[in-house]
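Have the viewer open while you read.

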Amino acid sequence: MDNAVYKEAWDARWRLKELGLTLEQLIEVVRASVAGRGDCTDNDPPSAPGWSSWRYGIRRLREIFRQEGWEKDDTGQLSTIANHERRIKVAVCNTDDGTAIENRIPRNRSRKGVISERATDRNVTPYIFPEMEEDAARNTADYVTWYLCIYNEDDCVRAELSCPSAFEAGYFTRYSERIFILSEDDWKTMDFPQQDDNSGPDIEVSVRRK
Amino acid sequence: MFNPKRLTLARRRRRLTKILLAGAINVTPHTILRYESGDVLPPDDSIAKLSRALSFPIDFFFGPDIDELSDKTASFRSLSAMTAKERDAALAAGSLAYLFSDWVEQRFYLPKQDLINLGVEEPEGAARSLRQKWLLGEQPIKNMVHLLEAKGVRVFSLSENTKTVDAFSVWRGDRPYVFLNTEKTPEHSRYDAAHELGHLVLHKHGGPQGRKAEEEADRFAASFLMPSSDVKAILPRVTTLNQIIQAKKRWSVSVAALNYRLHKLGIVSDWLYRTFCIQLTERGFREKEPYGIKREQSIAWRKVFTELWKEKVTKKDVANELNLPFEEVNNLLFGLEGQQGAEDNQSNAGLRLI
């Protein structure tokens, strides 16, 4: 069961601010992820769209947030950005059509391994001996890991930033918090902005008989 | 008095060599050479034949000298594809436009030219400066032809039956002229108008020539029609060609032009740009523009003929007074009809005559 769902934009913004993130920044990451998927053609292997979507999402996430003092972190081959002050990490994950739907939950598209399972465990039960990790100065063992869950199928795109709290058989099964980033309607408005076909101010041309 | 310069002009307008014209009226090429040099005055029957062969009224050949446009003063966009005959024919049309323009200016007050010399600036900076001067901000340009006319540029159409002549512009003293080829798509023609504006403000007093000048005018046109801030605000990230197709309506440009602009602005990657170019071709958008715009037409000439129509003066009357073939005048004026202009004016309160 979800503990908290921030589905309204004002609510989401408030919670994101606490995490040191903004809606616009995360939407920009979603856009990059969709661009990555769009780079793939029928000639690419079946796994390419998902991989490309994830890769471009991560890259953009880092491009945006490293400028703001976040650091990239690949501990245990889980690619994230880390905020050492707030002790949080953010990863990108391709998820199914439960994404950004209130009475459902996002399910990761591909099975996750032990690193994600461990990250989920630590979201619930922080690691109590962080100094035991190899790199004590930069160990992130007690960080909370959030996932930017992106659903992208055909022309439909939705996204949420969520904190998984349960993990079973390679899939996230519960979240302690869910912050809705992008609804289907939001995306459609952004993707195809309604433009005035005849934009710009009127132009007056003065012609007068002598 | 027969004016040999007018014979040369009419022959060039018809894209005829001296040899071809000589054949058409059964004289030797040398005879035509002597007629055009003024060494010999053609007899009346030869003038009648010349008139028929060239489809110009006899009286045309007896008028005063006409200002000639030369390929040195006119900035032609298309350089390599255009033949000398095509270039000369287009320039001759320009000379005929001068005749019409002078006739109108004797009878009407038209906007004074409001261009500035921006030859020292980079094309992108020049586009920004001119937008600032004209208080356009970052807004899209609703109609390039109307904008040029409002700023004192005389805009004429060329109906050259060839796509190799893009457009050209020229300063005639202090008066800027732009000629647009209506054989091009409306989007292409609009882009040409911005390109020619680039030449007028960047290259009035010389500066680069040839390819370099064309490249500068292109950069100016892209910046002027699609200001970077506006493009970045509307399309911060592009993922699909459909996005470009939808967004291009804002700036009334071709998909190809917007794709190119997005690439230059770094919004579309090299890879994506190439992909979109391929998709453009595959989807047939190079032949048929999606969401095509209406061809931009002159509002100044329309207003002139609307006024003249009230005095029962038609375009044909003007052509007759200037001793020009009606088709020549019609082709220069975007095919506007005086009566249609009058009707449009009645139904459109926004187009006030000041």
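First, the housekeeping. This is a predicted model, so local features need pLDDT of at least 70 and side-chain atom pairs count only at pLDDT 80 or more, while totals for chains, interfaces and linings use all residues. Residues are numbered from 1 along each chain as its sequence is written, chains are lettered from A and ligands numbered from 1 in the order in which they are written, and side-chain values use heavy atoms, with hydrogens and water left out.

**The sheet in chain A**

Chain A has an open sheet of 7 strands in the order 1-7-6-5-4-3-2, with mixed pairing. Strand 1 (4–6) and strand 2 (71–73) of chain A sit at the edges with a single partner strand each, so one side of each has no neighbour in the sheet. On average, neighbouring strands of this sheet are turned by 30 degrees against each other, direction ignored. Helices and strands here are DSSP runs (H or I, at least four residues, for helices; E, at least two, for strands), numbered from the N terminus. Two strands pair if DSSP finds at least two bridges between them.

| Strand pair (chain A) | Sense | Bridges |
|---|---|---|
| Strand 1 and strand 7 | parallel | 3 bridges |
| Strand 5 and strand 6 | antiparallel | 7 bridges |
| Strand 6 and strand 7 | antiparallel | 9 bridges |

Strand 6 (residues 156–168) of chain A is mostly covered, with 11 of its 13 residues buried (under 20% relative accessible area, using a 1.4 Å probe and protein chains only). In strand 6 of chain A, A:C156 is the bridge partner of A:E153. The hairpin of strand 5 and strand 6 of chain A has 2 residues between the strands, and A:D154 takes a positive phi near 55 degrees there. Strand 6 and strand 7 of chain A also form a hairpin with 2 residues between them, where A:A169 in the turn has a positive phi of about 50 degrees. Further pairs to click on: A:P164 stands opposite A:Y175 in strand 7 of chain A, and A:V5 stands opposite A:R178 in strand 7 of chain A.

**Helix pairs in chain B**

Helix 5 (residues 84–105) and helix 14 (residues 300–310) of chain B pack at about 55 degrees, with axes 12 Å apart. Axes are lines fitted to C-alpha atoms, for helices over the stretch in contact, and angles run from 0 to 180 degrees between N-to-C directions. The contact (heavy atoms within 4.5 Å) is made by B:F100, B:W103 and B:V104 of helix 5 of chain B and B:W301, B:V304, B:F305 and B:L308 of helix 14 of chain B.

Helix 8 (residues 186–202) and helix 9 (residues 210–225) of chain B cross at roughly 115 degrees, and their axes come within 8 Å.

**A loop residue**

Is B:S298 buried or exposed? At 2% relative accessibility, B:S298 counts as buried. B:S298 lies in the loop between helix 13 (270–282) and helix 14 of chain B. B:S298 and B:V145 are 153 residues apart in sequence but 6.1 Å apart in space, C-alpha to C-alpha.

Conventions: Buried < 20%, exposed > 50% of the residue type's maximum accessible area, 1.4 Å probe, protein only.
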